[in-house]
Amino acid sequence: MAVERTLSIIKPDATRRNITGKINAKLEEAGLRIVAQRRLRLSKTQAGAFYAVHKKRPFYKDLVKSMTSGPVVVQVLEGEGAVQKNRDVMGATNPANAAPGTIRKDFAESIEANSVHGSDSAENAAQEIKFFFKKSEIVG
Ligand code: ADP
Ligand code: MG
């Protein structure tokens with residue numbers, strides 16, 4: 001399996017509870033390397049654009065609201081099969097269905113406030129990384 005990069009976001013529910021270190025520890029324990037990281041507050045426009053694929057979903061408005069409710073930490077993760085590896089360590093979207101030991105099982109508050117975002121394909125990862133980071137900001 002090739003070395004890949006993927007985009008991760010530690011969501012406002014997690015920054016609010018001061019558990020970014022605990023989440024980073026899980027990512028690193030899974031063999032992912034944090035090769036770029038920045039804390040920021042998403043604007044409504046940014047969050048809306050980032051989640052544009054969900055525009056028609058009933059939860060879109062609430063999702064944008066919750067993603068702009070506090071700071072996020074955006075990260076580029078690197079490793080063998082990083083896209084799938086990150087999805088595995090994140091766990092299922094709904095924490096009620098997430099496997100033991102996953103970030104969402106251990107930390108998520110609800111299906112919406114589920115602590116982390118992770119790209120779902122190599123193609124989306126490339127796009128999402130570009131959304132937040134310049135090449136020079138990623139140091140592998
Ligand atoms: P994932 O983050 O696991 O890739 P999706 O891409 O389907 O999940 O959804 C994006 C985000 O939208 C989820 O992480 C969650 O915060 C929110 N979300 C998804 N489904 C629901 C839902 N049924 N109700 C409320 N929020 C949801
Ligand atoms: Mg998704």
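Predicted model: local features only at pLDDT ≥ 70, side-chain atom pairs only at ≥ 80, totals over all residues.

Me: Where is the place of Asn18?

Reply: Residues are numbered from 1 along each chain as its sequence is written, chains are lettered from A and ligands numbered from 1 in the order in which they are written, and side-chain values use heavy atoms, with hydrogens and water left out. Helices are DSSP runs of H or I with at least four residues, and strands are runs of E with at least two, numbered from the N terminus. Asn18 belongs to the loop between α1 (12–16) and α2 (20–29).

Me: Is Asn18 buried or exposed?

Reply: Buried means under 20% relative accessible area, exposed over 50%, and partly exposed in between, using a 1.4 Å probe and protein chains only. With 69% relative accessibility, Asn18 is exposed.

Me: What is the phi of Ser115?

Reply: Ser115 sits in the loop between α6 and β4, and is buried at a relative accessible area of 0%. Most residues other than glycine have a negative phi. Ser115 is not a glycine, yet its phi is positive, near 70°.

Me: Which side chain of opposite charge is nearest to Arg104?

Reply: Arg104 lies in helix α6 (residues 103–107). Lys and Arg count as positive, Asp and Glu as negative, while His and the chain ends are not counted. A salt bridge needs a side-chain nitrogen of Lys or Arg within 4 Å of a carboxyl oxygen of Asp or Glu. Arg104 is buried without one, and the nearest side chain of opposite charge, 8.2 Å away, is Asp13.
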